[in-house]
Amino acid sequence: MTDSASVVDVGRPAVRRGTLSRSLRGGLKGGEYTWAVAFVVPYVAVFAAFVAYPVVYGLWMGSEASLYRELFADPIYQSTVVNTILYLALGVNVKMFLALLLSGFFMRPGWWMKALLLIFVLPWAVPQISTFISIHWMLNGEWGFLNNVLYALFHTEGPSWLNDRWTALGAVIVSHIWKWTPFWTLILLAGRMAIPVEIRDSARVDGATGVRGFVHITFPLLANLYLICTLLSTIFLLGDFNAVTFVSGGGPANSTHVLATLGIRDAFEIANPRLGVAAVMSALPMVIPLVIILMRKLRTAEVQL
Amino acid sequence: MSTITVEARLSSRTRARTRSAVRLRRYLSNAGTVVLSLTLVVWSLVPIYNMVLISLEPEGDVFTDHIWPRAPSVESFWGVLTQGHWYLEHFWRQFANSLFIGAMVTFFALLFGSLTSFAIGRMRIRHGWLVSNAALLTYVIPASFLAIPFYRIMQNYGLADNPWSVIAALVAFATPYAIFVFQEYGRSIPIEVDESARIDGASPPQIYLRIYLPLMAPALVAVGTYALLLAWNEYLYQFLLLSSKSSMTVPVALAQFLSSDQSPWNFMMATAIIYAAPPVAIYYAFRRRMTAGLTMGGVKG
């Protein structure tokens, strides 16, 4: 009897009643444990009331199957899905690739590069609403700055950029790239700076410079960071409301919506909140795997920078 | 002896050739740098230039085809500052609303974030990882996806058109980032500092106030800047939750201009510039601190 009990207990610390409750508290004394709980409570309350509750409420609102039948039959929804995929594929990848290249460019020494970087981050520093409204007016067919420049330089009349689905969607994507490339360039620049000088120097001695150095030394070291940035930027872009709302307004004729803006439109413009939630929830098959991968990556990698 | 001179001459010739090749390459690379730099400057500045250009137009001169200010006037800026257009009746009120929301979001994100990270990272509370994961989950859920249920809930709570509903939403979305940065930064502070204070009889709130917060000052500045800019730049929640002219914030008021066909574009762009000035100033003032915080993973758009 006693033998078998000791066999079970092998490899386990002997836990007595008194120390059991202490180990549950993580080795904190009574008073300290109360304080620690009191310190965590405000955030846990905020999370429960303003994140967890809306999530559950949203899942409940969008739980009827008939909503999805209605949604999938809607031609606006169908074009929205195409737009969202294009926006994701081009917006994320072009932006991240440019950021990767430009972060290498900004590694060059000299005051000139520092000054250039100050100007380059301006699109990110200026609030989105201001710049997207400016771009919206810039692309006006009759009085916009872009067509005025085209006329002044080449004496040609530019098109009405925002009156055609594809140029309007292109404008949204380019605006997004314009706005967010500086931010990701800074992140990747920080990643490049974190590569020890000795590695780069010894690689240079071994003849790995230029493209070779990038392919064999820099990129492998940056790959994990690049992947995390790409995933994060995919999630952020999927939830992006402002670029579409202010650059194209979802127009012409609701042809350039993405899921985030279509959800808000369905909920507030045609006053069908459940349909709006369903539009957003239809992105869950994509969001859930992304969230799981990202949570793993961010937790284990601690974002090595 | 002659062979030596021949060799020397040869080597000097090849040396000259490589030197000129190096010079050519350096020249090409410099030319490339200049071209790329100019492209980047133009690319970055065009929408901002357009904003300035239109804000400097006198009234009624917006619908023209020139590409530089022909008769620049600061009339529209003056109009914004004196609330001289019916779109801008409540401009200063709205500016104050934006400031109030920004200040409150910054305060609560810093308070809740630092308390949570102290309990998890320093006091090592059991199941602290659950709280970290909740924060991480919040960070990777797109905020706009929760807007519709959040709006419904605020209606049910009777918080419609109340700035505190916006503050609640933004604190919920800003605090996770605060928790990460504080935990990351806190790792650089040895835990022995806390332990020795504990042995000297300091209670947890004393350690938090007297030791933890002062040592965390750089991280507090970085996260505070982040939270302030997040609240100032946010649009969707402010648009949905604040509807009356006296409770709305500057970005919502700015978007109101777009609702009519005959927008006074010069006033609109002047408003956009005045609205953009504080975050740009803060950004450049705290740039170094910000990029230190950035390395954690990113600022949520």
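**View 1. Right-handed crossing of H3(B) and H9(B).** In this predicted model, H3(B) passes H9(B) in a right-handed crossing, the near helix being turned clockwise from the far one by less than a right angle. Helices are DSSP runs of H or I with at least four residues, numbered from the N terminus. The axes of helix H3 (residues 91-122) and helix H9 (residues 217-233), both of chain B, come within 8 Å and cross at roughly 140°. H3(B) is therefore oblique to H9(B). Axes are lines fitted to C-alpha atoms over the stretch in contact, with angles from 0 to 180 degrees between N-to-C directions; under 35 degrees counts as roughly parallel, over 145 as roughly antiparallel, 65 to 115 as roughly perpendicular and the rest as oblique. H3(B) contributes residues including Val105(B), Thr106(B) and Ala109(B), and H9(B) residues including Val223(B), Gly224(B) and Ala227(B). The contact has ten nonpolar, five polar and no charged residues.

**View 2. Ala227(B) and the largest nonpolar core.** Leu170(B), Val171(B), Val223(B) and Ala227(B) touch the most other members of this core of 163 residues. Helix H6 (residues 163-186) of chain B gives the most to the core, with 16 residues. A nonpolar core joins buried Ala, Val, Leu, Ile, Met, Phe, Trp, Tyr and Cys residues through C-beta atoms within 7 Å. Beyond four places in sequence, Ala227(B) is in contact (C-beta atoms, placed from the backbone, within 7 Å) with Val105(B), Thr106(B), Ala109(B), Leu110(B), Ala174(B) and Ala178(B).

**View 3. H3(A) against H5(B).** The axes of helix H3 (residues 30-61) of chain A and helix H5 (residues 147-157) of chain B come within 8 Å and cross at roughly 105°, so H3(A) is roughly perpendicular to H5(B). Tyr53(A), Pro54(A), Tyr57(A), Gly58(A) and Met61(A) meet Ile148(B), Pro149(B), Phe150(B), Arg152(B) and Ile153(B).

**View 4. Phe106(A) in a loop of chain A.** Phe106(A) is found between helix H5 (75-105) and helix H6 (111-120). Outside four places in sequence, Phe106(A) touches Met113(A), Leu117(A), Thr185(A) and Leu189(A).

**Notes.** Residues are numbered from 1 along each chain as its sequence is written, with chains lettered from A and ligands numbered from 1 in the order written. Local features need pLDDT of at least 70, and side-chain atom pairs count only at pLDDT 80 or more, while totals for chains, interfaces and linings use all residues.

Key: Helices (H or I, at least four residues) and strands (E, at least two) are DSSP runs, numbered from the N terminus. Two residues are in contact if their C-beta atoms, placed from the backbone, lie within 7 Å. A residue is buried if 20 or more other C-beta atoms lie within 10 Å of its own, exposed if 12 or fewer, and partly exposed in between; C-beta atoms are placed from the backbone. Ala, Val, Leu, Ile, Met, Phe, Trp, Tyr, Cys and Pro count as nonpolar, Asp, Glu, Lys and Arg as charged, and the others, Gly among them, as polar.
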